[in-house]
Amino acid sequence: MKNQKTQKIRRCYKKSVWPSLALFVLFGCSCVGMVLTFVIGFQGFLVDSKISKIQENARNLGRMLDSYTNNGQRTIFEAVTIIERFLDEESDICITDENDQVLQYFGKTAPDFERAQNITIFDPYHIIPDLHLPGGERKLLLSFRELVGRSIDALKKSSYQDNDWMEEPLFHTYYWVNVPVKVEGYHLYYRDSLTILQKNVFFMNAVILIELLLLGIPALLLLLNVLSSIAMQKRMVLMLHQDPVTGGNNWNYFLEQSKRILCQFRNTNHTYAVVNLHMIRFQDYCACNGIKEGDALLKKIDGFLKANMDRNETYARFARADFGLLLRCESVEQSKKRLKKLLVELTGIKKDAMMSFSAGIYVLRPAANRKERRRRQIDIEQVYQFASAARGAMRGKKGEYIKVFDQQILQEQMWKHKVEETMEAALLGGEFQLYLQPKYHPVTKKIVGAEALVRWISPEDGMIPPNRFIPVFEENGFITKLDDYMISQVAKLRSEWKIQGRKMVPVSVNVSRVNFVKEDLAEHICHLVDGYGAEHSGIELELTESAFYGNKELLKQILKKLKMYGFNISMDDFGAGYSSLNSLKDLPIDTLKLDMDFFRGDDSLERGEIVVKETIRLAKALHMSIVAEGIEKKEQVEFLAEQGCDMIQGYYFAKPMPVSEFNQLAERDC
Ligand code: C2E
Ligand code: CA
Ligand code: CA
């Protein structure tokens, strides 16, 4: 799930970052393009407008010359002579014959005839004197093209020298245009200057600058946006991969990384071990040293694992003090050996703390052939669950710290899965049945009570004993539903007994520790019992010792309320785990049930008898009644009778039985 989430966020960021980047690049390119076209366009426009102005001047000039030469009033030379005086300094006129040979040049900027022809230049008109045409005209000995080539820009720049810099020319050239005249046999050319001043360019630059600012600021903002979203993506990915407690890898990272590593090595012959590494009794460590110290220890473990990972191996914290490891190994034996070394070294990472670790392993062997390789899909989460199951299978086994997942554990897993699949329907279908195991008085041998015990009568699997399904229910929380059902069944039975006028003995019912997180548990039980109108005093609630380890204040509160409502409380399996004698002092407990382990094994019989004797004495002193469980031998009954034990529950007298059988027995033995 988490894995999918990271990929989703990554995909989403990729989706949002790349279009933004592309947009930015596109935007940048179009800005540059716009500026370039603007500059080129503006320059072209400037030049074009100047040229068209010169052409317009030439057309006007043509019209004027036509009117001056109208009906042969004047020759074209005379007409030009008159008009030229009114033209500005840089405007010249050149008259050529039909072959474009220069006849006369009018203007103040003379071509360099001297260098070419060694001739005198008349001012203001520059004429080549050696060729006399009929009518007194003289002809220049060069073509118009040559004339244009040799023109010297005598006035070039000179006229701008004293202007302020804005009026300085940046670009200056001359431009010749044909003057359209009606007079035949001559061509007229008009020359004018083409100048771009500093001020033109200055204004153009100012416009471009403003434009750049207008376009550049949003572009810059866009870029910043893109960069910040890239940085955010990096931060998000880091957050998604960081464990909030250790600062190291988190589970999400482990899943992604394992997938990557296994994909990469799919075609190789490497064996991998998926490991569930667990610190035993981390909760106790926290209880003794505080949560901060607990977190610091987890950080140390994380650091140790990090330092011990090879390339293409990974690890992460899964939950609490559980870590997942993906180790590369040669064989199962080698992986066990390496883990053993790791576990030993781990116990030494904190000198002043007593720590122990256990590990479950699931071995991923290389695929046997190509076909399997192609078809193989590894679900890392599932594999890790198998490794955890292997570790779980060691629970209660002393001296074993490493276990490899095997067929037996697989069977257990499959059973667990089946139980979870069918439990709801079984409860609704009445497959859970109430059995009663009588409790006898050790002296009178009469039934003085009973314990309600559940039996699952499955149409498929027959009678399933509680130890096959209660641990699964405690793990998945379904136990609370089953306990409610059993409490209701006991209440119903007691109200039936009352109606039937039977002799009533108190019935105890087990309440799992999982229930003791509900603040309104006492009210809830009350409600269930009251539903059948049963008396509270005839029902005893059995709590295992493990229930005394959670939130003690809440437990105290619930028990006090249950007592107030009239229920009796018994502490089940007393002496089995870590007996907290404090609980006896602080909590309102009516009955102590001695765990059956007190009566198992005969090697330390004498010592065991002393413990039982003293425990009974302690219970008596605290005004508690005492029940001995798991009694199978006559001598045990006699010993317990001697010690003043109040009740005996065990196979010596009777096994758990269906209600109908119990009723018959009670008729006889009550
Ligand atoms: P428990 O509450 O300690 O119940 C006593 C267990 O000891 C019962 O096992 C009973 O059959 C067994 N027993 C009694 N006398 C002897 C004896 O002389 N020898 C031997 N070997 N065993 C004896 P059972 O019925 O299999 O139940 C096992 C455990 O399952 C119970 O231990 C209890 O913790 C749990 N359990 C059973 N029914 C329920 C239930 O309705 N709700 C909850 N929460 N737990 C239940
Ligand atoms: Ca019990
Ligand atoms: Ca018990």
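User: Which side chain of opposite charge is nearest to Asp484, and how far away is it?

Analyst: The model is predicted. Asp484 lies in helix α14 and is buried, yet has no salt bridge. A salt bridge needs a side-chain nitrogen of Lys or Arg within 4 Å of a carboxyl oxygen. The nearest side chain of opposite charge is 4.8 Å away, and that is Lys518.

User: Which residues does Asp484 touch, not counting residues up to four places away in sequence?

Analyst: Contact means heavy atoms within 4.5 Å. With residues up to four places away in sequence left out, Asp484 touches His524 and Leu528.

User: Which protein donors does the calcium ion (ligand 2) have?

Analyst: In sequence, the donor residues of this calcium ion (ligand 2) are spaced E-x58-N-x31-E-x29-D. Glu451 is in strand β12 and Glu542 in strand β15, 91 residues apart, and the pair links distant parts of the chain. Glu451 is buried, with a relative accessible area of 2%, and Glu542 is buried at 1%. The donors lie 2.1 to 2.3 Å from the calcium ion (ligand 2), and they are Glu451 (OE), Asn510 (OD1), Glu542 (OE) and Asp572 (OD).

User: Which residue bridges the calcium ion (ligand 2) and the calcium ion (ligand 3)?

Analyst: The protein donors of the calcium ion (ligand 3) include Asp573 (OD) and Glu629 (OE), and the donors lie 2.2 to 2.6 Å from this ion. One residue is a donor to the calcium ion (ligand 3) and also to the calcium ion (ligand 2). The two ions lie 3.9 Å apart, and the bridging residue is Asp572.

User: How many residues apart in sequence are the parts that Asp572 and Glu629 tie together?

Analyst: Both Asp572 and Glu629 are buried. Asp572 lies in strand β16 and Glu629 in strand β18, so the pair ties together parts of the chain whose separation in sequence is 57 residues.

User: How many aromatic pairs does a search of the whole structure find, and what kind of pair do Phe432 and Phe473 form?

Analyst: The search finds 20 aromatic pairs. For Phe432 and Phe473, the rings are 5.9 Å centre to centre, with 70° between the planes. Planes over 60 degrees apart count as edge-to-face, so the pair of Phe432 and Phe473 is edge-to-face.

User: Where in the chain do Phe432 and Phe473 lie, and which aromatic cluster holds them?

Analyst: Phe432 lies in strand β11 and Phe473 in helix α13, so the pair ties together parts 41 residues apart in sequence. Phe432 is buried, and so is Phe473. The cluster that holds them is formed by Phe432, Trp456, Phe469, Phe473 and Phe478.

User: Which helices hold Trp497 and Phe662?

Analyst: Trp497 and Phe662 form a stacked aromatic pair, 5.9 Å centre to centre with 20° between the planes. Trp497 is buried, with a relative accessible area of 2%, and Phe662 is buried at 1%. The pair ties together parts that are 165 residues apart in sequence, because Trp497 lies in helix α14 and Phe662 in helix α20.

User: Which ring does the charged end of Lys655 sit over?

Analyst: A charge sits over a ring only if, among other conditions, NZ of Lys or CZ of Arg is within 6 Å of the ring centre. The charged end of Lys655 is 4.7 Å from the centre of the ring of Tyr651.

Methods:
Residues are numbered from 1 along each chain as its sequence is written. Chains are lettered from A and ligands numbered from 1 in the order in which they are written. This is a predicted model: local features need pLDDT of at least 70, side-chain atom pairs count only at pLDDT 80 or more; totals for chains, interfaces and linings use all residues. Side-chain values use heavy atoms; hydrogens and water are left out. Rings of Phe, Tyr and Trp (its six-membered ring) pair if their centres lie within 6.5 Å; planes under 30 degrees apart count as stacked, over 60 as edge-to-face and the rest as tilted. Helices (H or I, at least four residues) and strands (E, at least two) are DSSP runs, numbered from the N terminus. Buried means under 20% relative accessible area, exposed over 50%, partly exposed in between (1.4 Å probe, protein chains only). A charge sits over a ring if NZ of Lys or CZ of Arg is within 6 Å of the ring centre and within 35 degrees of the ring normal. Donors are N, O and S atoms within 2.8 Å of the metal (3.2 Å for Na, K and Ca); water is not among the atoms, so sites may look incomplete. Lys and Arg count as positive and Asp and Glu as negative; His and the chain ends are not counted.
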